[in-house]
Amino acid sequence: MESLARILAAHPFLEGMGQEHIEFITGCASNVVFNEGEFLYKQGSPVDKIYLLRHGRVAVQSFAPGRGPVTVDVATSGDLVGWSGLVGGGARFDVIALELVRAIALDSACLRAKCDADPKLGHAMFMRVADVLEHRLESTRVQLLDMYASNH
């Protein structure tokens, strides 16, 4: 069976991170599975786990009055969901499994404490999260433009 440290080191989100940092955050990690239709997060709920997706797809959705759930992004193997757990915030979106999902769960409080204890790790994590935020913002912008265009 593959060790969590080896799985973390191979995950695209952590690509290029030093082995000492991988080993440091391994204590925050566990394997998890979500079945199709299961929520990883509901908008506004606390984010106590950050998920590094290993297999499967999840829909990142927001509720639009008069339209219902709108998928603003689909995250898949190699992606991270739950970035707000690094800043201690609640879920910004609903995240639901579109199929069987295997992921590594990183305990948010544990990871924040490790980032506080090691500023180099904190910087490396937040630079990676900034890339996720940029992608989600662009996906949301495209969805808003599409919704606006279809209403006019």
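**Entry 1: Histidine 11**

I started with histidine 11 and looked up its contacts (heavy atoms within 4.5 Å): leaving out neighbours within four places in sequence, it touches Leu52, Leu53, Gly78 and Asp79. Before going on, I noted that this is a predicted model, where local features need pLDDT of at least 70 and side-chain atom pairs count only at pLDDT 80 or more, while totals for chains, interfaces and linings use all residues. I also noted that residues are numbered from 1 along each chain as its sequence is written, and that side-chain values use heavy atoms, with hydrogens and water left out.

Where does histidine 11 sit? I found it in the loop between helix H1 (4-10) and helix H2 (19-26). Helices here are DSSP runs of H or I with at least four residues, strands are runs of E with at least two, and both are numbered from the N terminus. Histidine 11 counts as buried, at 4% relative accessibility. For the cut-offs, buried means under 20% relative accessible area, exposed means over 50%, and partly exposed is in between (1.4 Å probe, protein chains only).

Next I checked H2, where the buried residues are His21, Ile22, Ile25 and Thr26. They cover an arc of only 140 degrees around the axis, so they sit on the same side of H2. The arc is that of the directions from the helix axis to the C-beta atoms. Glu20 and Glu23 are exposed on the other side of H2.

Then I did H3 (residues 108-117), and its Ser108, Leu111, Lys114 and Cys115 are buried. Seen down the axis, the buried residues of H3 fall within an arc of 130 degrees, so they line one face of the helix. Asp116 and Ala117 are exposed, on the face of H3 turned away from the buried side.

**Entry 2: Two strand residues**

Is tyrosine 41 buried or exposed? I got a relative accessible area of 5%, so tyrosine 41 is buried. It lies in strand S2 (residues 39-41). Leaving aside neighbours within four places in sequence, its contacts include Val47, Tyr51, Val81, Ala91 and Phe93. I also looked up alanine 97: it is 56 residues from tyrosine 41 along the chain, and their C-alpha atoms are separated by 9.9 Å.

Aspartate 73 belongs to strand S5 (residues 68-76). It counts as buried too, at 9% relative accessibility. Not counting residues up to four places away in sequence, aspartate 73 touches Val58, Ala59, Val60, His135, Arg136 and Ser139. Its C-alpha is 6.1 Å from that of alanine 59, which is 14 residues away in sequence.

**Entry 3: The whole chain**

Finally I stepped back. I counted four helices and eight strands in the protein chain, and the pattern along the sequence reads α-α-β-β-β-β-β-β-β-β-α-α. The radius of gyration is 16 Å, close to the 15 Å that the globule rule gives for 152 residues, so the chain is as compact as a globular protein of that length. That radius is taken over C-alpha atoms, and the rule is 2.2 Å times the number of residues to the power 0.38.

Of the 152 residues, 44% are buried. I also looked at contacts between residues at least 6 apart in sequence: 76% of them join residues at least 24 apart.
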